[in-house]
Amino acid sequence: MQMNSQKAEKKQIEISVIGSGIAGITTAFHLGKKGYKVNLIDPTVNSAINNLSPKNGTQASLGVLMGNVYKRSKGRAFLLRNKSMKLWKEWLTEIKYPESNFIFEKPLIKLANSEKEYQSMIDLSNNKKNYGIELLDHNSLDFWNSIFETRLIGGLISHEDGRLNPIELIKSFMQSLDQININKIDKKVCRITKNSNLYNKSWNIVLENKQSISQNYIVICSALNTQKLLKALGHEILLEPILGQVIELEFKKRISNWKEWPAILNFQSVNFIHHDPNHMLIGATLERGTKPSLLDKQEMLKMNNTAPKWLSNAKISHEWSGVRAKPINEPAPLLRQLEPGLLINTGHYRNGILLAPACAEWVGLTIEGQ
Ligand SMILES: Cc1cc2nc3c(=O)[nH]c(=O)nc-3n(C[C@H](O)[C@H](O)[C@H](O)COP(=O)(O)OP(=O)(O)OC[C@H]3O[C@@H](n4cnc5c(N)ncnc54)[C@H](O)[C@@H]3O)c2cc1C
């Protein structure tokens with residue numbers, strides 16, 4: 001009975017989430033499940049979802065979840081990772097993500113070709129005893145030695161890390177948002193203003209078609225555009241654009257025994273994702289400028305001049321890129337209540353997919369005053 005009256009009260013509270021990348025989608029999902037009346041506003045919210053011409057950072061992403069292979073075991077970044085890895089398992093089942101029979105594709109393997117790198121893996125596995133991390137010593141690396149035409153020093157396998165397919169993920173979320181009656185508005189937000197004369201609806205959103213909506217809460221998840229929306233309200237946050245690139249390679253013939261390939265193979269800071277018989281996605285955070293560059297692409301493919309022949313000989317079948325919003329002089333992400341009713345969940349630069357559930361939960365807890 002009390003639960004029903006709480007839900008009825010929440011239905012009176014209207015929240016607009018600006019931006020429908022993973023930060024906005026997960027925030028709308030979490031608030032909608034709690035019973036709030038939620039608008040999700042983004043000019044692209046009803047557009048086709050496609051990673052070959054991505055409309056935002058989320059659609060461009062590789063979807064790698066490196067939650068457990070994280071060296072710290074305390075602090076905000078650790079807590080967000082830890083929380084997210086738990087929430088993803090629950091949420092993927094709730095949104096009927098297609099891989100949900102085994103939650104997500106696992107595991108992740110990292111390889112080391114220097115003593116220093118392997119030592120940091122040993123330290124990690126000692127610090128993270130119950131996180132599904134297992135060391136691979138040089139005796140167990142014959143397969144990877146032959147694949148990368150090298151003599152590896154060691155490696156690790158992280159059984160609980162892995163990958164989500166961002167396109168499937170967004171599709172599943174979009175259907176779930178319809179089921180919990182999230183109102184999708186496919187318009188750009190031009191301005192946010194303060195309302196002085198309306199009960200608790202103290203915020204006003206002005207859309208590109210001049211329509212204006214009064215709200216109790218606004219949560220801004222609009223990546224780089226967050227700066228502009230906030231500036232007009234006298235709040236300054238600093239974000240810089242950072243490019244991420246993905247290359248899809250096509251191989252003429254199968255490399256021996258692809259079956260042993262994990263969801264993610266990480267070597268020389270490059271992520272390799274084998275995604276159908278003759279194709280491999282590779283991506284790395286190279287962080288130079290905002291336009292895709294030939295230099296960055298060549299660097300990824302050369303792997304510090306250690307690339308094996310199969311990699312050098314592969315044909316690039318597709319490539320795409322996306323821009324990420326990196327906070328300047330402070331750690332990502334930016335989770336803040338700037339004024340009563342005005343929140344930001346943005347500055348997701350790396351690991352935006354990984355951290356999305358914990359960040360959405362932070363929004364919910366903040367609105368509930370906890
Ligand atoms: C190539 C690449 C690979 C990556 N790989 C990984 C990975 O493997 N794992 C991982 O965890 N992370 C990865 N990331 C990072 C991750 O994708 C981002 O951190 C995350 O997607 C950011 O999500 P977001 O919702 O903050 O921003 P975005 O996805 O960029 O969404 C912002 C949205 O705001 C909307 N918007 C902007 N202005 C307005 C306005 N005025 N009104 C309304 N809407 C507006 C935009 O249309 C956009 O849809 C990768 C990123 C890239 C580019």
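**Reading strands, helices and a ligand shell**

Author: Strands β9 and β10 (residues 203-207) run antiparallel and are joined by 5 bridges; strands here are DSSP runs of E, at least two residues, and helices are runs of H or I, at least four residues, numbered from the N terminus. Two strands pair if DSSP finds at least two bridges between them. In β10, I205 stands opposite I192. This is a predicted model, where local features need pLDDT of at least 70, side-chain atom pairs count only at pLDDT 80 or more, and totals for chains, interfaces and linings use all residues. Residues are numbered from 1 along each chain as its sequence is written.

Reader: In what order do the 3 strands of the open sheet stand?

Author: The order is β9-β10-β11, with antiparallel pairing. β9 (189-194) and β11 (212-215) are at the edges with a single partner strand each, so one side of each has no neighbour in the sheet.

Reader: At what angle do the axes of α4 and α11 cross?

Author: Axes are lines fitted to C-alpha atoms, for helices over the stretch in contact, and angles run from 0 to 180 degrees between N-to-C directions. The axes of α4 (residues 76-94) and α11 cross at roughly 95° and come within 7 Å. The two helices α4 and α11 are therefore roughly perpendicular (65 to 115 degrees).

Reader: Which residues come nearest to the ligand?

Author: A residue is near a molecule if its C-beta atom, placed from the backbone, lies within 6 Å of it. Of the 41 residues around the ligand, the nearest are G19, G21, G244, G322 and G352. Among the elements giving two or more residues to this shell are β13 (239-250) and α11 (352-367).

Conventions. Parallel < 35°, antiparallel > 145°, perpendicular 65-115°, else oblique.
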